[in-house]
Amino acid sequence: MALLETSCSGMPGVIKAQGYHCSYCLNEDQRLFYTYFNHQFQKEITYCRVCIMMTWSTTETYYQPVAIPDAPEQLECHLDFALTAQQNYASRLIVEAVESGGRRLLHAVTGAGKTEMILKGIQTARRLGRNVAIVSPRVDVVKEVYLRMAAYFDADIDVLYEGQSLAYSSRFVICTVPQLYRYMHHFGLLIVDEVDAFPLPMDERLMRCVARAAAADGTMIYLTATPPRALRAAFEKHEVITLPARYHERPLPVPRFKYLSVKSILKGRLAARLERRHSGTLLVFFNDIQVMTAAAVTYQSFKPLTVFAADRSRHDKVEEIRAGKHRIVFTTTILERGFTLAGLDVWVVDSGSFTAECLIQMAGRVDRKREYYDGEVIFFHDGVTLSMQRAVKEIQTMNQTAKRRGWIK
Ligand SMILES: [Zn+2]
């Protein structure tokens, strides 16, 4: 069902019981409601500020769930390469989950080729007439997933993010989370990509929105390379599918530790190491933008490019990096996920200050392409921390498991 705005019947947008509750986006944070005198209604009304960009959910407006009839279809899948043994294994388990319902956490290492693992599951769901959604925390990922899905399937795919409207009938949707607010008990297969990348305060509401958008007997698949402990703990053991191998069947690069404090780095102690570099692109991650800026001054003779989250020209800069125009890039964690490029090396400054999940994602940028690149991952530190140890342990364990199962060479 889809939720349609109406003027008089259905459920009120904002309900006041013990405090306010938004029926559209499930917001219950009282600070995010606003009450004022409305002249049209000639009374005080309260509206929800969370979903204001999408709808006008108030104490005086209503939503009507509208049924969308099932429409089974046989989707052709154009795949011009064979799946790896691991991808076939995952694919089979996902199809089983689609047929039997329930939820799964796919713990797949960076570069495992997750997209290809879900194709058969999507085909199965559509054949059974179930609606499919792939949900991602970021608009750029939504666009990328759409391009790949559109290449694999001849299907009417709705792509939804802020400012985009429905083109088809919501049977195969790729969207950001807020777009899920439109739906109730609608999706028989709901895939949540990079579930650990959602902003933390959103977790609980996200889970409720996902649960409401999914059909009662629906299947939910959560994908992540780095499940935080709390997330992993929320799943039963049999619900977790571990996928330790990369699609190119080589092990994950294991980070090396190097003792070098931030202070020494700012004094120029990385210069010799930088001079020794002759090929490839180096990503140097910083946890602190001030340190990054200071380091850019220290190492200005190497002409590092700096990129950070609030950087207005970051999209252009990322394109330049992709085009191979910069050999040395100083960055905050914005390039931690999703960024792939041939010939990448990764250094992490003050690595003890990052979480293990973050360190695994950064290390996971290296050797992602099909052609082998003997890239290095170095964690600079001034004292090895638990998170550093956990990151390395996890990478080694994944490599061992992949080897044992015969999924890497
Ligand atoms: Zn709302």
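This is a predicted model: local features need pLDDT of at least 70, side-chain atom pairs count only at pLDDT 80 or more; totals for chains, interfaces and linings use all residues.
**Getting to know the chain**

Me: Thanks. Which way do E9 and E12 pair, parallel or antiparallel?

Reply: The pairing of strand E9 (residues 131–136) with E12 is parallel, and it runs over five bridges.

Me: What about E12 and E13, how many bridges join them?

Reply: Five bridges there, linking E12 to strand E13 (residues 214–224), and these two run parallel. In that pairing, Leu190 stands opposite Met220 of E13.

Me: What holds strands together like that in general?

Reply: Strands of a sheet pair through backbone hydrogen bonds, in either the parallel or the antiparallel sense.

Me: And how many of E12's residues are buried?

Reply: Six of the six residues in strand E12 (residues 187–192) are buried, so the strand is largely enclosed by the rest of the structure.

Me: Back to Leu190. What is it in contact with, leaving aside neighbours within four places in sequence?

Reply: Leu190 then has contacts with Ala133, Val135, Val210, Ala213, Ala214, Gly218 and Met220. Leu190 also features in the largest nonpolar core, which has 103 residues. The members that touch the most others there are Ala133, Leu190, Ile191, Val346, Val348 and Leu359.

Me: Let's zoom out. How many helices and strands does the chain have?

Reply: Its secondary structure comes to twelve helices and 20 strands. The chain's radius of gyration is 23 Å, close to the 22 Å that the globule rule gives for 409 residues, so it is as compact as a globular protein of that length. Along the principal axes, the C-alpha atoms fill a box of roughly 70 × 50 × 35 Å.

Me: What share of the residues counts as buried?

Reply: That comes to 40% of the 409 residues. As for contacts with a separation of 6 or more, 77% are between residues 24 or more positions apart.

Me: Which domains does the assignment give?

Reply: The chain is assigned domain 1 (2–66), domain 2 (85–243) and domain 3 (256–314 + 322–404). The centres of domain 2 and domain 3 are 30 Å apart, taken over C-alpha atoms. Eleven residues from domain 2 and nine residues from domain 3 take part in the contact. On the domain 2 side that touches domain 3, five are nonpolar, four polar and two charged.

Me: New topic: H11. What do its buried residues pack against?

Reply: They pack against strand E16 (281–285), strand E19 (344–348), E20 and helix H12 (386–404). H11 is mostly covered, with eight of its eight residues buried. Among them are Glu357, Leu359 and Gln361.

Me: How about Phe257, which strand is it in?

Reply: Phe257 lies in strand E15 (residues 256–259). It is partly exposed, as 15 other C-beta atoms lie within 10 Å. Beyond its neighbours within four places in sequence, Phe257 contacts Phe379, His381, Val384 and Met388.

Me: Last one: what order do the strands take in the open sheet with E7?

Reply: The order is E1-E7-E2, three strands with antiparallel pairing. Strand E1 (2–6) and strand E2 (11–12) are at the edges with a single partner strand each, so one side of each has no neighbour in the sheet. E2 pairs with strand E7 (residues 62–66) over two bridges, and Pro12 stands opposite Tyr62 of E7.

Definitions and conventions. Residues are numbered from 1 along each chain as its sequence is written. Domain bounds come from an automatic or database domain assignment. Two residues are in contact if their C-beta atoms, placed from the backbone, lie within 7 Å. Ala, Val, Leu, Ile, Met, Phe, Trp, Tyr, Cys and Pro count as nonpolar, Asp, Glu, Lys and Arg as charged, and the others, Gly among them, as polar. A nonpolar core is a set of buried Ala, Val, Leu, Ile, Met, Phe, Trp, Tyr and Cys residues joined through C-beta atoms within 7 Å. A residue is buried if 20 or more other C-beta atoms lie within 10 Å of its own, exposed if 12 or fewer, and partly exposed in between; C-beta atoms are placed from the backbone. Helices (H or I, at least four residues) and strands (E, at least two) are DSSP runs, numbered from the N terminus. The radius of gyration is taken over C-alpha atoms; the globule rule is 2.2 Å times the number of residues to the power 0.38. Two strands pair if DSSP finds at least two bridges between them.
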